[in-house]
Amino acid sequence: MPAPVPTTVCQKRSAEPEEPDITAPVLSVVVPAYDEAEVLPLFAQRLRPVLDDLGEPYEVLVVDDGSTDATPALLERLRREWPSLRVVRLRANSGHQAALTAGLARARGDWVASIDADLQDPPEVLGAMLQAARSQGVDVVYGVRTDRTTDSVFKRTTASLFYRLIRRLAGTSGPAQAGDFRLMSRATVDAVNTLPEANRVLRLVVPALGFPSTSVGYAREVRAAGRSKYPLARMLRLSVDGVTGFSIAPLRIATWFGLLGGVAAIALLLYAFVAFLRDETTPGWTSTFVVVAAVGAVRLLCLGLLGEYVGRMYTRLQGRPTYHVAYDSAAPPAADPQGR
Ligand code: UDP
Ligand code: MG
């Protein structure tokens with residue numbers, strides 16, 4: 001049975017568990033977790049035997065993304081029972097991708113896997129990923145969802161539309177149906193860690209790095225407990241980050257809208273001039289209103305698109321980190337461009 005939950009997160013030094021040498025693990029497993037107290041005990045229970053059976057040194061790096069439920073205390077308790085568990089806590093909820101980025105920057109393994117905390121990605125696949133990477137000599141192994149029937153029809157449809165769009169716009173996105181369940185070599189993770197880009201979408205960034213890769217299929221399971229932390233607004237945010245992070249095509253679309261608007265305006269001017277020469281009276285009001293409204297809409301759309309890119313430049317220029325680490329149960333490495 002698990003030990004009672006400690007009342008405070010900071011415990012006396014004497015209460016520290018004896019740490020195994022996980023400073024040079026073969027495998028790091030990065031787990032972003034936001035308000036996952038309900039599922040984390042189940043997750044640890046299922047992950048631990050899988051990793052123990054690998055027979056190689058590993059670390060499990062749970063990035064607590066500013067949870068407000070019992071997650072911090074729970075992780076502290078789990079860490080006492082499982083010395084290979086390492087906890088990095090972000091000061092505020094920074095989002096799934098920022099939490100993953102924080103984990104990748106701190107992972108020390110020769111291989112680094114990322115996996116969701118809710119057991120939608122089965123931990124048992126990790127062994128197959130490691131084996132595939134080694135036997136095929138590749139740097140990246142994508143977990144590809146062969147069966148997504150557990151996701152809602154809405155989620156499946158929107159995801160499929162998004163990846164079709166991004167493939168068309170950016171010409172890259174890695175295998176279809178791949179999320180953030182993947183294994184990466186040290187070289188891949190080092191490359192990801194040197195990127196200065198904020199608001200990154202890792203599932204698009206990693207394939208774009210161009211390392212040799214392969215895929216392992218898996219059936220997406222239902223969330224074991226708790227609720228999804230990805231409401232529609234967050235999914236939209238991820239899509240916008242994905243598109244603007246990989247393509248300037250939307251800016252070109254804006255230009256085309258502008259051009260079309262210009263041509264329409266010229267045609268209307270000609271029409272008005274001819275009508276004037278023929279001394280025809282036009283009722284005017286309706287057409288004026290429609291034109292003003294249409295032009296206004298196009299202008300707003302273009303401004304919005306421009307805003308997306310200007311926003312990215314702004315964020316980049318500010319150089320403000322996308323997350324702040326409050327606590328790391330192991331010493332952090334020096335270089336981390338995202339989380340100064
Ligand atoms: N997550 C996170 N920060 C957030 C939202 C989600 O770290 O702001 C984590 C979450 O705890 C889970 C993973 O990201 O481990 C995927 O989130 P979720 O399962 O809620 O997304 P879904 O599977 O519904 O798309
Ligand atoms: Mg999930």
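A: The account begins with the packing of helix 5 against helix 8 and then turns to other parts of the chain.

This is a predicted model, in which local features need pLDDT of at least 70 and side-chain atom pairs count only at pLDDT 80 or more, while totals for chains, interfaces and linings use all residues. Residues are numbered from 1 along each chain as its sequence is written, with chains lettered from A and ligands numbered from 1 in the order in which they are written.

Helices (H or I, at least four residues) and strands (E, at least two) are DSSP runs numbered from the N terminus, and the protein has 10 helices and eight strands. The axes are lines fitted to C-alpha atoms, for helices over the stretch in contact, and the angles between N-to-C directions run from 0 to 180 degrees. Angles under 35 degrees count as roughly parallel, over 145 as roughly antiparallel, 65 to 115 as roughly perpendicular and the rest as oblique; helix 5 and helix 8 are therefore roughly parallel to each other.

On the side of helix 5, T158, F162, L165, I166, L169 and A170 make the contact, and they meet M235, S239, G242, V243 and F246 of helix 8. Contact here requires C-beta atoms, placed from the backbone, within 7 Å. By class, eight of the residues in this contact are nonpolar, three are polar and none is charged. In this scheme Ala, Val, Leu, Ile, Met, Phe, Trp, Tyr, Cys and Pro are nonpolar, Asp, Glu, Lys and Arg are charged, and the others, Gly among them, are polar.

The length of helix 5 agrees with expectation, because its 18 residues should span 26 Å at 1.5 Å a residue and its end C-alpha atoms are 25 Å apart. The expected span is 1.5 Å times one less than the number of residues. After helix 5 comes G171, with a positive phi near 75 degrees.

Over the whole protein, contacts with a separation of 6 or more come, for 85% of them, from residues 24 or more positions apart. Of the 340 residues, 31% count as buried. A residue is buried if 20 or more other C-beta atoms, placed from the backbone, lie within 10 Å of its own, exposed if 12 or fewer do, and partly exposed in between.

Helix 3 (96-106) and strand 1 (27-33) each supply at least two residues of the shell around ligand 1. That shell has 16 residues, the closest being P32, Y34, A117, S228 and K229; a residue belongs if its C-beta atom, placed from the backbone, lies within 6 Å of the ligand. Six of the shell residues are nonpolar, five polar and five charged.

Two loop residues have a positive phi although neither is a glycine. D35, at about 55 degrees, lies in the loop between strand 1 and helix 1 (40-54) and is partly exposed, because it has 19 C-beta neighbours inside 10 Å. L119, at about 70 degrees, sits in the loop between strand 4 (111-114) and helix 4 (125-136) and is buried, with 20 other C-beta atoms within 10 Å.

Conventions:
Two residues are in contact if their C-beta atoms, placed from the backbone, lie within 7 Å.
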